[in-house]
Amino acid sequence: MWRDALLIAGRDLRIEIRTRVGLWQVLPFAFLTLLLFAFALGPKPGLLAQAAPGLFWLAVMLSVVLAAQRSLALEGSQATREAGRLLGLDPAGIFLGKTLALLVEVLILEGGLLLGVVVFFHVQVTDWLVLVPSCLLAAAGLCAASIFYGSLAGDARVRATLLPLLFLPLAAPVLIAGAKAFEASVQTGSGSGARWLGVLAVFALVYLALGVALYGPMEE
Amino acid sequence: MAPAISLRSAVALSEGFPVLSGVDLDLEAGQVLVLLGANGAGKTSLLRLLAGLLPLRSGEARVFGCALPDGAAALRRQVGLAGHDPGLYEELNALENLRFALKASRLDPGGAEAALDRVGLAGRLSTTQLVRLSEGQRRRAALAWLVARRPALWLLDEPHAGLDAATRHLVAELCEEAAMGGACVVVSSHEPELVTPMANIVATMGGGAVLRSDPGGRRTSGASDVA
Amino acid sequence: MMNRTLRILGPVSVALVALDLVLGFWVTPPDQNQGDYARFLYIHPALAWVALYVAIGMAALCSVLYLWKRTRSLKYDRLAAAAVEVGVVFIFLTLVTGSIWGHPVWGVWWTWDARLTSTALLGVLFVGYLALRRVPADPEVRAKRCAAAALFAAVDVPICHFSVQWWQTLHQTETVFGPDAIKIHGIMAWTMLLSFIGFSALFAWMVLLRYRIEVNSSTDQDLALEDALAERRAEGVTS
């Protein structure tokens with residue numbers, strides 16, 4: 001399973017490095033959402049700083065939808081997917097591999113967005129020991145759920161509209177916990193972020209485990 | 001000895017429509033079967049059933065000892081399918097595609113260069129992104145996938161469509177080599193004059209079933225027939 | 001046997017719900033704090049119970065039974081789909097009754113209370129399941145996809161249940177099963193219990209009705225398949 005996962009992840013990342021869709025399309029989209037939030041809320045630094053935790057994670061989630069669509073599109077046409085099935089790859093390995101590749105992209109995305117939030121929304125991070133793990137755990141859960149739901153949603157025509165409907169409600173608890181953890185790690189935050197890390201860890205484990213267990217039967 | 005492929009009244013559905021309405025078929029290892037028929041006759045569906053990609057709805061189907069539909073997962077590893085769509089990753093080049101396929105199949109990725117050389121995609125063509133190659137060159141890359149993996153069952157869906165004479169000749173050569181090596185080869189085509197000489201059996205399909213079978217131009221010892 | 005069950009369960013469940021409504025709106029005394037508004041106690045919690053636990057629990061269980069090869073049968077897929085469809089209705093009713101009950105008590109039609117929000121979220125997850133079900137696919141493929149989606153949606157149920165403890169909330173804490181002792185007594189408690197039984201029975205009836213429609217539809221499809229096979233074979237003769 002892990003061997004196949006690394007093979008798939010390597011393939012996806014190789015394609016991404018070659019095409020740079022994440023760099024030139026998804027990352028700019030993420031920054032665009034921050035700008036749009038600022039336009040919607042108005043140029044009030046206090047308000048933006050207060051809303052930054054939620055806006056950050058909202059931007060991440062919307063960007064993950066785009067990035068996951070792209071990741072699933074890499075599987076290509078039905079013929080390409082069937083050719084892949086004939087190779088005898090472990091379906092759980094395919095799931096983990098695609099999740100891993102998407103995770104690398106999303107972590108880079110989160111880094112870029114964090115910089116954007118610090119600069120545009122005047123946020124000061126004081127507790128990196130909460131923020132960094134929360135970004136990692138939330139990304140793992142979001143990537144696992146989006147890859148799994150994306151594979152459920154069928155071909156590209158239907159997936160474009162169905163994936164957001166399936167994935168975003170499921171990801172809402174990650175949004176809540178991620179925002180709370182972010183809040184706890186910025187200067188104006190209060191309360192311990194540790195318990196939200198626990199919530200994010202549980203969700204990441206649950207979505208990863210379910211994906212590993214169910215991806216195989218889905219592909220049969 | 002039981003045939004390598006044996007189908008009895010095989011029915012398969014695609015989104016509720018009976019694409020195969022009762023196929024009877026026997027094929028020995030080392031034989032070449034050609035499928036002829038009009039569009040919509042069920043040729044592609046039969047290839048997909050034999051690949052374990054289309055579930056069997058009723059009837060019996062046994063391919064290389066794997067009883068369908070339960071044995072589909074085990075069967076797929078023994079199958080190579082070259083369809084209308086080459087089914088390769090367009091953003092990668094031919095060499096990368098083949099190395100990926102070989103590693104996934106637990107084979108030595110070092111065999112990729114030799115396979116590409118065999119199909120005439122050596123050198124610059126092997127390291128050019130597939131999206132930049134012509135349709136014919138992409139088809140060659142798909143054939144290289146089969147050459148490298150050496151599956152026990154070769155399934156070729158209209159392999160001659162849109163190809164030049166040299167590539168058509170290559171297809172015939174590769175099919176013959178595969179059959180001589182003990183593989184079963186099943187080819188669907190709209191060009192009977194091209195494929196009949198290379199076939200042991202020529203089966204004409206219609207309405208999702210095999211309507212008639214005739215001997216082809218290829219002879220091997222211990223020939224079987226379509227039921 | 002199913003027809004006989006439906007003939008009995010239908011009237012019984014409707015009668016139980018009717019009795020619950022009569023007792024709840026006319027017989028039981030008003031609450032000492034909320035007055036007559038508290039009569040929603042005999043509707044809203046039962047609807048929420050069915051929506052959040054019975055419907056999703058049934059969908060999840062049937063999904064597991066479908067995905068497990070030993071018990072795989074399309075009947076579980078049909079039952080799961082019926083549970084989700086009826087569950088959507090109950091979620092909608094839960095939100096509406098909760099909103100009507102909450103307005104005079106909280107002063108607003110809607111609040112971003114954790115339990116309300118989680119319930120609305122589960123409603124959207126159910127709608128997503130139904131949308132997935134409408135994507136054209138072979139019945140077995142569709143069944144597997146929907147089973148997986150139902151299991152993922154089931155993860156949301158613990159959030160709803162524990163949200164009362166996790167977040168500060170306007171929503172009343174658990175009345176009957178919370179750490180404190182049961183806070184309602186006498187006829188109010190019995191009527192509330194009746195509401196749970198009545199609405200659960202109503203849910204079961206509606207699910208079985210919906211399941212029967214699916215079964216009849218698939219029987220029609222099987223008959224249509226025989227016709228389609230005959231037509232398909234005839235194509236071969238004429239070609």
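**View 1. Helix α2 of chain C crosses helix α5 of chain C in a left-handed sense.** In a left-handed crossing, the near helix is turned anticlockwise from the far one by less than a right angle; clockwise would be right-handed. This is a predicted model, in which local features need pLDDT of at least 70, side-chain atom pairs count only at pLDDT 80 or more, and totals for chains, interfaces and linings use all residues. Residues are numbered from 1 along each chain as its sequence is written, while chains are lettered from A and ligands numbered from 1 in the order in which they are written. Helices (H or I, at least four residues) and strands (E, at least two) are DSSP runs, numbered from the N terminus. α2(C) spans residues 44–67 and α5(C) spans residues 139–154. Their axes lie 8 Å apart, at an angle of about 135 degrees. That angle makes α2(C) oblique to α5(C). Axes are lines fitted to C-alpha atoms, for helices over the stretch in contact, and angles run from 0 to 180 degrees between N-to-C directions. Under 35 degrees is roughly parallel, over 145 roughly antiparallel, 65 to 115 roughly perpendicular, and the rest oblique.

**View 2. Residues of α2(C) meet residues of α5(C).** Two residues are in contact if their C-beta atoms, placed from the backbone, lie within 7 Å. From α2(C) come C:Ile56, C:Ala59, C:Ala60, C:Ser63, C:Tyr66 and C:Leu67. Their partners in α5(C) include C:Ala143, C:Lys144 and C:Leu151. By class, this contact has eleven nonpolar residues, one polar and one charged. Ala, Val, Leu, Ile, Met, Phe, Trp, Tyr, Cys and Pro count as nonpolar, Asp, Glu, Lys and Arg as charged, and the others, Gly among them, as polar. Chain C as a whole has seven helices and zero strands.

View 3. Is C:Ala131 buried or partly exposed? C:Ala131 counts as partly exposed, because it has 16 C-beta neighbours inside 10 Å. A residue is buried with 20 or more other C-beta atoms within 10 Å of its own, exposed with 12 or fewer, and partly exposed in between; C-beta atoms are placed from the backbone.

**View 4. Chain A meets chain C.** Here 16 residues of chain A are in contact with 17 residues of chain C. On the chain A side, α7 (156–185) and α8 (194–219) each give two or more residues. The largest share, eight residues, comes from α7(A). This side of chain A has 15 nonpolar residues, one polar and no charged.

**View 5. Four strands of chain B form an open sheet.** The order is β2-β1-β4-β5, with antiparallel pairing. Two strands pair if DSSP finds at least two bridges between them. β2 (17–27) and β5 (66–67) stand at the edges, each with a single partner strand, so one side of each has no neighbour in the sheet. Two bridges join β4(B), residues 56–63, to β5(B). B:Arg62 stands opposite B:Ala67 in β5(B).

**View 6. Strand β6 of chain B pairs with β7 of chain B in the parallel sense.** Four bridges link them. B:Gly80 has B:Trp154 in β7(B) as its bridge partner. B:Val79 and B:Leu81 point one way from β6(B), and B:Gly80 and B:Ala82 point the other way. All four are buried.
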